[in-house]
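Visitor: Please take me through one part of this structure closely. I would like to begin with a sheet and then follow what surrounds the topic.

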Amino acid sequence: MKMLVRTLDMEYETVSAFAAQAGFKTPSGDLIRRDTRGHLSSGLFPVWVLGGVAVFLLLLTTTGCGKTAAASYRLNMVESAKQRLKPEQEQQVATILAALFGTPDEPIAPSECGLDAAKLHLAAGPVRSDIVGRKNGLYREHCAHCHGVTGDGMGPTAAFLNPYPRDYRPGVFKFKSTERADKPTHADLVMVLRNGLAGSSMPSFALLSDAKIDALSEYVKYLSIRGEVELALMRAFFELDDEDQGRLPEDREFLIEEIVLPVAEAWQAAEDALIDVPEMAADIDMAASIAKGKELFYGNKANCVKCHGVTGLGDGQVNDYDDWNKVVLQAHKTVQGGLEQAGEASTWDMDADEADEHRAELAWLDRFQKVLDGNALPPRTIRPRNLRQGIYRGGMRPLDLYYRIHAGINGAPMPAAKGTVPPEDIWHIVNYIRSLPYDFNGTLGVDKPMVARDRL
Amino acid sequence: MMTTSRSTVGGCHSGLKRPIAAHCLIFVICLAVGVAAPGCGAGSVAGPAPDFEAALVLREKLASATGATEAGEEKPQGTGWATLKGRFIFAGAPGDAKPLIVDKDTEVCSKGGMKLYDRSLMVDASTKGLANVVLFLRNSSRVKEPVPTDALVFDQKNCEFLTPVFAARVGQPIDVKNSDPIGHNTNISGTSFNQLIPAGESTVFTAGRETGLPVTVTCNIHPWMKAYAVFREDGYVAVSAPDGSFTIPNLPAGEPLEFQVWHERSTGRSGAISLDQPELKWNAKGRFKIQLEEDEVRDLGTLEVPADAISG
């Protein structure tokens, strides 16, 4: 409240100075005055002054923070705080990233990344039309409000969505046709854009032309590579030989070969890392296959029941987190643990050095807390899929379900069955899963899916 | 403020209308200030903006054909091999290990009233030896032994990983085993390895790159299960034994070596253990430097980890 009064006073002064200059006077003939406490003296305070203040403040709030600056990328402050980077180290990361990847309005990428500059240009920048009327700035038109200009999954609407929009920066994607540890292919990203992710807030962009979807997929890849490089740079400070105040080397060998290349190569390798899916036998006895799948679902081999629950409603394991939320959760624990430990210490029995160290630790924890409050969404648990609804994020084709079971879901707790569950068994599980929305107390034959709770 | 404005009513020429308008306006101002005062995006911590001029210079430098690699100092390289050993002890009181909350598959995991305990701080009662301290060489110049081709077994039994902390070489096969009659999954963070391991079966994992500091190994089905893994290219890594002792043989001799030390519960940066030992130039990142002579077996003796270096 004190703050508010001070702000009011300042506005009052601004306005009254203006009024005095312009020769305005109050009805009593005095220039605007303050009361004895120095606060607003509303007795002599005419409505038009208040009106002026109101208009001024409304303008201030409706036009935002003054000027319209060019869009900029946000630094990964959670990782920076975790790595205890100093401001000059953060600045170096920001500068290296600008050198390698440009800005949201003018993206570039090292040639090693193999990204198509024309596609990036179409997707990047503010929403605008070029000379032939072609729409540019597709990412900000369609994606940024959820995924953020930086691709950190922290756009303005992100906090209101469940699940949160994907943060591309760790370079981990869930729904793909490649092995768990591999990147998605370009076609995988295109498919997510075209079909959306059923059951999440990600809509289908099927109304966009192929060229636009292609450009956006390329841009997602660009933001992801940029984010991974940022993480690698921030983590590299710990690997430096010098203890503090360290700067990263700024030569090709380090920046391109050591940092960018591994990321870029992983993306290129994905195109040849498709999961080899043996076809399901054409003459399969479906009823027998579903029965076998059920056995596997509840059995010790595939163990689906542990997380998806005995009912298949996805209520078996409800207190786990995905990798993105785990990072934030872990950071909260670090800060809390640190504060508790620091709370037990007293500078009373410390020497000067120890006291300095203690204060530096507290300052770090304090900033880390602010970063977690302001730069990260509150960690949220992940629910295993409710298999009774027939809604599958990554696609409902039998092939999509095969991919999910074979490779698991990268970034989520869902493990891979590959290697320990043979392909024919994976097909049995797929068939059983596909029967679940139609299953009524263990009897098939209900001709359409029902709401799960009506059935139980 | 509101009440004083009442007294002004009489003083106003146009009667009652104004104060009401004034009240409304004050309300609007308060509202506007309420929105404006926290500011745009306040609460979020903004990092420094890039230095665009420097970025352009750097971009040109990286694009130039020469690559302009900064000349690094040529590191001296010795000959022969040597051994480093020592023993970690914990100076504090470890306290009783906390029992873990076991709420799944209790017929196996709590068989016969069996309890599982937190293993993040294992101190040998008689010798005070601190187990599971990880010590590894940073940036080795040469390696004596090739990567072993026989698999390292990483097993789980009674809903517990049998090795709380393990080290393996990049490229070395790890046989991830499940000796329980129930299914587990093994999730090694940072590697994208998360595999179902059916009852009594196993699968092979091979690390493709170094981990830097150790990473967690968990089972999502049984959330209390936790272990750590460290993968190194050169295999110059040790995990201290139950009595706190460690030995790293076949280290490159005759050249400066730098070791990284880590413990799960360390209060240091990212788990780094830093000891007050000026002769080893032990720094805040948990590293010390040492040079060994050919065929030397250097015993660092007893390395005491103070009580406040471990989180409570």
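**The open sheet and the cores**

Guide: In chain B, five strands make an open sheet, ordered β6-β12-β11-β8-β9, with mixed pairing. Two strands pair if DSSP finds at least two bridges between them. Strands (E, at least two residues) and helices (H or I, at least four) are DSSP runs, numbered from the N terminus. This is a predicted model: local features need pLDDT of at least 70, side-chain atom pairs count only at pLDDT 80 or more, and totals for chains, interfaces and linings use all residues. Residues are numbered from 1 along each chain as its sequence is written, while chains are lettered from A and ligands numbered from 1 in the order in which they are written.

The edges of the sheet are β6 (165–169) and β9 (193–197) of chain B, each pairing on one side only. From one strand to the next, the twist averages 25°. Look at β6(B) and strand β12 (residues 226–232) of chain B. They run parallel, joined by five bridges. Phe166(B) stands opposite Ala229(B) in β12(B).

Now take Val134(B). Its contacts include Val165(B), Ala167(B) and Val230(B), leaving out residues up to four places away in sequence. Contact here means that C-beta atoms, placed from the backbone, lie within 7 Å. Pro214(B), Val237(B), Val239(B) and Trp262(B) also touch Val134(B).

Val134(B) and Ile429(A) have the most contacts inside the largest nonpolar core, which has 81 residues. A nonpolar core is a set of buried Ala, Val, Leu, Ile, Met, Phe, Trp, Tyr and Cys residues joined through C-beta atoms within 7 Å. Buried means that 20 or more other C-beta atoms lie within 10 Å of a residue's own; exposed means 12 or fewer, and partly exposed is in between. Helix α16 (residues 423–435) of chain A gives this core its largest share, six residues. Apart from it lies another core, of 64 residues, including Tyr73(A), Val93(A), Leu115(A) and Val45(B). In soluble globular proteins, nonpolar side chains tend to be buried together.

Notes
Axes fitted to C-alpha atoms, helices over the stretch in contact; angles between N-to-C directions. Contact = placed C-beta atoms within 7 Å.
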